[in-house]
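Me: Can you walk me through the ligand site in this one? Here is the entry.

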Amino acid sequence: MAEGGTPPRPDTDLLAARLLARVCGVVAVGALFAWYHDGQAGWNTPWDRYAAITMSGVYAVASLLLWRRPLWLNTVTAVALGITAVFFLGTLHEAARIESAVGLYSMASNAQFMPLVYVTAFVAMRSGAALLSWGMYAGVLALYGWLYGVRGLPPDTPFRAMSSHVWAVLLFVHPACILALQYIATLKGRLHRAESEAQQGKERFLAMLSHEIRTPLQAMLGSIELLALKVQGGPEQRAVDRLRRAAAQLDTHLRDVTEYTRLDSPGWRLHNEVIDLVALVEEVAEQLRPQAERQGLALHHRVAPADEALLRQVELDPTRVRQILLNLLGNALKYTLTGEVILKASRLAGPPDRLCLEVIDTGIGIPPEELTRIFEPYIRLEDERVQRASGSGLGLAVVQRLTARLGGEVSVHSTLDLGSRFAVILPLVARQ
Ligand code: ADP
């Protein structure tokens with residue numbers, strides 16, 4: 001139900017098409033049953049008989065098309081409903097020729113079903129529902145007008161009284177139904193526009209946050225590193241270290257907040273390309289090596305030699321994989337006091353083959369009851385040993401959501417005081 005130029009929404013459209021395909025399937029079977037049953041009963045007009053079997057065919061084809069080609073939702077619905085309307089009118093016309101109770105009953109009852117067609121049009125069609133509904137209504141109105149007004153009803157039938165009832169439905173219920181549907185569609189369109197404007201505002205803000213704040217921050221981080229080379233010991237050294245930590249934390253928080261919020265936006269897309277994963281793993285490890293050295297931790301990165309050639313050409317989104325690794329490795333360093341941190345990449349033999357990225361540390365570990373909670377946004381565990389470790393509580397939430405978007409899953413094994421192992425399993429698309 002999206003009048004007023006509502007832009008298409010692929011996910012919702014796909015769901016709507018799938019749902020409508022099922023409904024059409026049910027209608028097709030129902031119409032087939034009606035055709036068989038009514039054909040046996042013999043109380044309907046020949047047109048009724050053809051209508052039922054034709055409608056069954058039309059809806060079976062519509063069901064198939066909607067299932068296989070969900071993007072054709074609008075066209076398939078419009079055509080199926082258009083044919084339905086023609087058959088309604090045809091049945092009506094035929095019924096009017098039978099000057100008996102059956103004919104008049106059929107005439108009167110047909111009109112009641114038209115609102116169902118209007119509702120279906122407004123629910124399923126992304127545009128043109130109002131035009132189609134008013135068009136169908138005009139057709140019904142014209143036909144009834146002709147039947148009652150020009151041709152006239154058979155005199156003295158006990159069913160003449162029905163005409164006023166039918167006219168009341170036609171003149172008041174039908175337009176009221178279409179107008180109400182149009183009103184709901186307009187409201188929904190407005191709501192959707194307001195929603196997308198708010199979303200655009202949020203995206204502009206995020207773009208500003210990521211560009212206008214992170215760019216100077218990168219410059220600051222670079223200058224702090226230069227400063228650190230000049231300053232040797234003393235209170236200046238401690239000040240530079242504090243500055244460096246604070247700037248790095250700010251950078252990480254901004255990255256997590258921007259990515260976490262951006263994940264909800266309809267414009268969020270994966271940018272897959274063929275990448276050298278071995279080089280990416282090295283790059284991430286090198287980026288965090290200075291931090292590991294400052295903390296006195298050993299940082300290793302390993303790629304299984306047998307998989308190296310394969311992993312040098314895999315199809316992945318490098319920015320998102322880098323962010324997953326940076327978050328996991330950053331956490332491993334943050335929550336490890338002594339020992340080592342290892343970043344591993346390997347292939348998990350299939351079928352299908354999958355990619356396994358692991359971050360293993362000898363850190364403080366995580367209590368078993370907290371293992372699922374840590375992936376929730378803004379959840380941070382208290383531990384006096386790492387009181388100074390700052391964080392937004394979004395790092396693992398971003399990892400989990402990004403991994404899911406990449407078609408994979410993340411798991412964690414941890415033993416208190418001994419360390420943790422985070423594993424991200426992703427689909428492996430190798431380009432040999
Ligand atoms: P934060 O910004 O607090 O690091 P995360 O979402 O990345 O947020 O992590 C949530 C919590 O999970 C952390 O506060 C920490 O208590 C725990 N955690 C994450 N990684 C590790 C790890 N490698 N070792 C121990 N605890 C961890």
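Reply: What follows covers the ligand's surroundings and then a pair of helices. Keep in mind that this is a predicted model.

Me: How many residues surround the ligand, and which are the closest?

Reply: The ligand is surrounded by 19 residues, and the closest are N331, Y335, R380, G393 and L396.

Me: What does the side chain of N331 do there, in terms of distance to the ligand?

Reply: An N or O atom in the N331 side chain sits 2.8 Å from an oxygen atom of the ligand.

Me: And which backbone atoms come in, from L381 and G393?

Reply: For L381, a backbone N or O atom is 3.3 Å from a ligand oxygen. For G393, a polar backbone atom is 2.9 Å from an oxygen atom of the ligand.

Me: How much of the ligand's accessible area does the protein cover?

Reply: On its own the ligand has 530 Å² of accessible area, and the protein covers 97% of that.

Me: Which elements give two or more residues to the shell?

Reply: Those are α10 (318-334), α11 (395-405) and β7 (419-427). The largest share, 3 residues, comes from α10.

Me: What is the make-up of the shell, nonpolar, polar and charged?

Reply: The shell has 9 nonpolar, 7 polar and 3 charged residues.

Me: Switching to the helices. How do α10 and α11 cross?

Reply: Their axes come within 9 Å and cross at roughly 145 degrees. The crossing of α10 and α11 is left-handed.

Me: Which residues make that contact?

Reply: From α10 it is R320, Q323, I324, N327, L328 and N331. From α11 it is G395, L396, V398, V399, L402 and T403. The contact residues divide into 6 nonpolar, 5 polar and 1 charged.

Me: Which of those were also on your list of residues closest to the ligand?

Reply: N331 and L396 are among the closest to the ligand, and both take part in the helix contact.

Terms used
Residues are numbered from 1 along each chain as its sequence is written. This is a predicted model: local features need pLDDT of at least 70, side-chain atom pairs count only at pLDDT 80 or more; totals for chains, interfaces and linings use all residues. Side-chain values use heavy atoms; hydrogens and water are left out. A residue is near a molecule or strand if one of its heavy atoms lies within 4 Å of it. A polar contact is a pair of N or O atoms within 3.5 Å; within protein, one must be able to donate a hydrogen and the other to accept it, and residues adjacent in sequence count only if both atoms are side-chain atoms. Accessible areas come from the Shrake-Rupley method with a 1.4 Å probe; for residues, only the protein chains shown count as cover. Helices (H or I, at least four residues) and strands (E, at least two) are DSSP runs, numbered from the N terminus. Ala, Val, Leu, Ile, Met, Phe, Trp, Tyr, Cys and Pro count as nonpolar, Asp, Glu, Lys and Arg as charged, and the others, Gly among them, as polar. Axes are lines fitted to C-alpha atoms, for helices over the stretch in contact, and angles run from 0 to 180 degrees between N-to-C directions. A crossing is left-handed if the near helix is turned anticlockwise from the far one by less than a right angle, and right-handed if clockwise. Contact means heavy atoms within 4.5 Å.
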